[in-house]
Amino acid sequence: MGSSSHFDAHNVSARQELLQTKLDDLKNLIRTRHRDLNFQLELHRFFREADTVEDWIGEQLSVANNEDLGRNVEHCQRVRDKFESFAQTLPNGKERVTACVAAGNR
């Protein structure tokens, strides 16, 4: 049908070009939508992780701000041991905060 000898070859050719243009536009729209959805997904993941990290920091602050120094030797030792255990977990949290900040920079 695309033969140049057909009496309406010009209209056929024009319609084919229109269809190809519309298909190309659709493909571009799909690529853009896919990119935008992936970006939005990453953004939501970042905010969820940021909320989780912020909650974790709040929990750590409450432990660090605890003013209990113990009522006697044994209690003071337990409080100190608990605090030292708490202090050892902070490097893991720092890595999580660093990863979250890095994700926000992407």
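What volume does the largest pocket have? The model is predicted, so local features need pLDDT of at least 70 and side-chain atom pairs count only at pLDDT 80 or more, while totals for chains, interfaces and linings use all residues. Residues are numbered from 1 along each chain as its sequence is written, and side-chain values use heavy atoms, leaving out hydrogens and water.

Select Phe39, Glu42, Leu43, Arg45, Phe46, Ala103, Gly104 and Arg106, which line the largest pocket, and you have the answer in view: its volume is about 200 Å³. Here a pocket is an open set of points on a 1 Å grid over the protein atoms alone, where a 1.4 Å probe fits, with protein on both sides within 12 Å along at least five of seven lines, and lining residues have an atom within 4 Å of a point. The volume is the space filled by probe spheres set on the points, which are joined across faces, edges and corners.

Next, colour helix H1 (9-64) and helix H2 (73-105), the elements that each give two or more residues to this lining; H1 gives the most, with five residues.

Now select the whole protein chain, whose secondary structure comes to two helices and zero strands, helices being DSSP runs of H or I with at least four residues and strands runs of E with at least two.

Finally, show the surface by burial: of the 106 residues, 8% count as buried, meaning under 20% relative accessible area with a 1.4 Å probe and protein chains only.

Terms used: Buried means under 20% relative accessible area, exposed over 50%, partly exposed in between (1.4 Å probe, protein chains only).
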